[in-house]
Amino acid sequence: MQPTIVVGYHGLDGADDALAFGAELARATGARLVPAYVIEQVVGRTADVARRLLRRPEAIEGGLQLTVRVGASPAAGLAALAAEREAAAIVLGSSHRAGLSRVLVGATPERLLHNATCPVALAPRGHAAAGRTLGAIGVAYDGRSP
């Protein structure tokens, strides 16, 4: 079975970084990329997020479709989708408070770090615009069993 990488894509700051980083991971590993937008209730903004995604080169080249889920929170919805798809990883963008090329964990990634059944990757801020490619990736593991 082809591995899956779920990308949290909300259409705001950091979303393009997550998509670019996720697309690089998918190309490197042969995984299928699943961009996902999790909302607490259906709103008109969903169409705007989908339009933004469709303008990204990763979406155009990969023929991506946005998976939209309604969930208790973005973290809960992404964790559930990743578990359902048996995802190899979840990729998110760094908080908008991080400096350029830095990673800062926001509320959704922090919640996912505690609840996800797979690794959670954070794309550095500005990754998509800088045209960077994957290099060294740091991994933290505390040695406890899930």
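At what angle do the axes of helix α4 and helix α5 cross? The answer is roughly 45°, with the axes coming within 8 Å. This is a predicted model.

**Packing of α4 against α5**
- Two packed helices are described by the angle between their axes and the distance between the axes.
- The crossing of α4 past α5 is right-handed.
- On the α4 side, the contact residues are P74, A75, L78 and A79. They meet T108, R111, L112 and N115 of α5.
- By class, this contact has 5 nonpolar, 2 polar and 1 charged residues.

**The buried side of α4**
- Buried residues in α4 are A75, G77, L78, A79, L81 and A82.
- Their cover includes four strands: β1 (4–8), β2 (32–39), β3 and β4 (89–93). Helix α5 is also part of that cover.
- A75, L78 and A79 are buried, and these residues also take part in the contact with α5.
- An α-helix has 3.6 residues a turn, so residues three or four places apart point the same way.

- Side chains of opposite charge can pair when their charged atoms come close.
- The whole structure holds 2 salt bridges.
- One joins the side chains of E84 and R69, at 2.9 Å from N to O. This pair links distant parts of the chain: E84 sits in α4 and R69 in strand β3 (residues 67–70), 15 residues apart.
- R69 is partly exposed, with a relative accessible area of 23%.
- R85 also forms a salt bridge with E84, at 4.0 Å from N to O.
- R85 is partly exposed too, at a relative accessible area of 26%.
- Shared partners join R69, E84 and R85 into one network.

**The loop after α4**
- Which residue with a positive phi follows α4? That residue is E86.
- E86 lies in the loop between α4 and β4.
- Its phi is about 50°, although E86 is not a glycine.
- Is E86 buried or exposed? E86 is exposed, because its relative accessible area is 56% and the cut-off for exposed is over 50%.

How values were computed:
Residues are numbered from 1 along each chain as its sequence is written. This is a predicted model: local features need pLDDT of at least 70, side-chain atom pairs count only at pLDDT 80 or more; totals for chains, interfaces and linings use all residues. Side-chain values use heavy atoms; hydrogens and water are left out. Axes are lines fitted to C-alpha atoms, for helices over the stretch in contact, and angles run from 0 to 180 degrees between N-to-C directions. Helices (H or I, at least four residues) and strands (E, at least two) are DSSP runs, numbered from the N terminus. A crossing is left-handed if the near helix is turned anticlockwise from the far one by less than a right angle, and right-handed if clockwise. Contact means heavy atoms within 4.5 Å. Ala, Val, Leu, Ile, Met, Phe, Trp, Tyr, Cys and Pro count as nonpolar, Asp, Glu, Lys and Arg as charged, and the others, Gly among them, as polar. Buried means under 20% relative accessible area, exposed over 50%, partly exposed in between (1.4 Å probe, protein chains only).
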